[in-house]
Amino acid sequence: MSMQTQAWIFDIKRDCSEDGPGIRTTVFFKGCPLQCQWCQNPEGLPTPHHFHPITEQCAELDNGELIDLQTLLHRVLIDKHFFISSGGGVTVSGGEATLQHDFLHHFLKQLKAEGIHTCLETSGFFNYRRFSEQLLPYLDLIYFDVKIFDDTLSRQFTKQGSSLILQNLKNLSQQSKVTVIPRIPLIPGITTRKDNLVRIAQHLRQLHFSTAVLLPYNPLWQDKLAKLNMHSEYQRKTFMTADELQECQDIFISALNQTSQATNDYHGVQGDHNEQSLPEQPQFPLPKRTREATTQ
Ligand code: SF4
């Protein structure tokens, strides 16, 4: 395998406190296989013909910075002391960082050799075999976005189905010891639909997740879109109200609690099922953060 020595990066943010524990630097990799109508980072998206999401690399992207491995390592390791003293580290985000998997493999491997905590923010749309071989061994934490449960609706709003994403989440929950925190971006009228939140909550509970994060909608991406001379069919221009947020949280937690009972019953019948204790009080905080960094 020839080494990919350079990567397309569209931003590097130091001193991030919302992309994982402690003081962090977040590196935003360019390119994403999804085209969410509400993308928070449209400047990180390539045009659709630039890649095949599963089999190919990004290619011929028209903006962003092409950066080599040593330069990127040097730029993030400037803050190594702060990472170590604060329990922080480096977060890789995008776009979808796993698209540039070969470069990312070497980047994460070097960070781990330096003793740096690593976190990935992902849309979950990746080739699992390659991911588990090249990237997973060098990750400490994964923020895994789950947007739309229904495959057809997912294709309608993000141009990709949800099956691969949900399967990858299942694989991680069953096969990996790395901490995975599912996140649900709340997009009014799309991901906030009751049936969507209920089905996601049920899925997470069945996979034994005890923590997830609901990400409140942030409309500021529309300013970026206008500057880029791009257009989206999704037009919501205001933040969510407190009532809207509360309603989403209530739906989500209610579905979890119902599923919790069903799951316990299921365990009672299936004695050889993968036993994992269910918390009495699941944690589903509404975070302070207002930006979906990946994807996110
Ligand atoms: S919101 Fe995230 S997953 Fe969706 S297109 Fe943008 S970067 Fe990709």
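Here we go through the sheet, then one of its strands.

Mentor: Before we start, this is a predicted model, where local features need pLDDT of at least 70, side-chain atom pairs count only at pLDDT 80 or more, and totals for chains, interfaces and linings use all residues. Residues are numbered from 1 along each chain as its sequence is written.

Trainee: How do strands make a sheet, and in what order do they form it here?
Mentor: Strands of a sheet pair through backbone hydrogen bonds, either parallel or antiparallel. Strands are DSSP runs of E, at least two residues, and helices are runs of H or I, at least four, numbered from the N terminus. Two strands pair if DSSP finds at least two bridges between them. Here eight strands form an open sheet with mixed pairing, ordered β3-β1-β2-β4-β5-β6-β7-β8. At the edges stand β3 (65–68) and β8 (213–215), each with a single partner strand, so one side of each lacks a neighbour in the sheet.

Trainee: Which strands pair with β2, and in what sense?
Mentor: Strand β1 (residues 6–16) pairs with β2 in the antiparallel sense over five bridges, while β4 (residues 89–93) runs parallel to β2, also joined by five bridges.

Trainee: Is β2 buried or exposed?
Mentor: A residue is buried if 20 or more other C-beta atoms (placed from the backbone) lie within 10 Å of its own, exposed if 12 or fewer, and partly exposed in between. Six of the six residues of β2 (residues 24–29) are buried, so the strand is largely enclosed by the rest of the structure. R24, T26 and F28 point one way, and T25, V27 and F29 the other.
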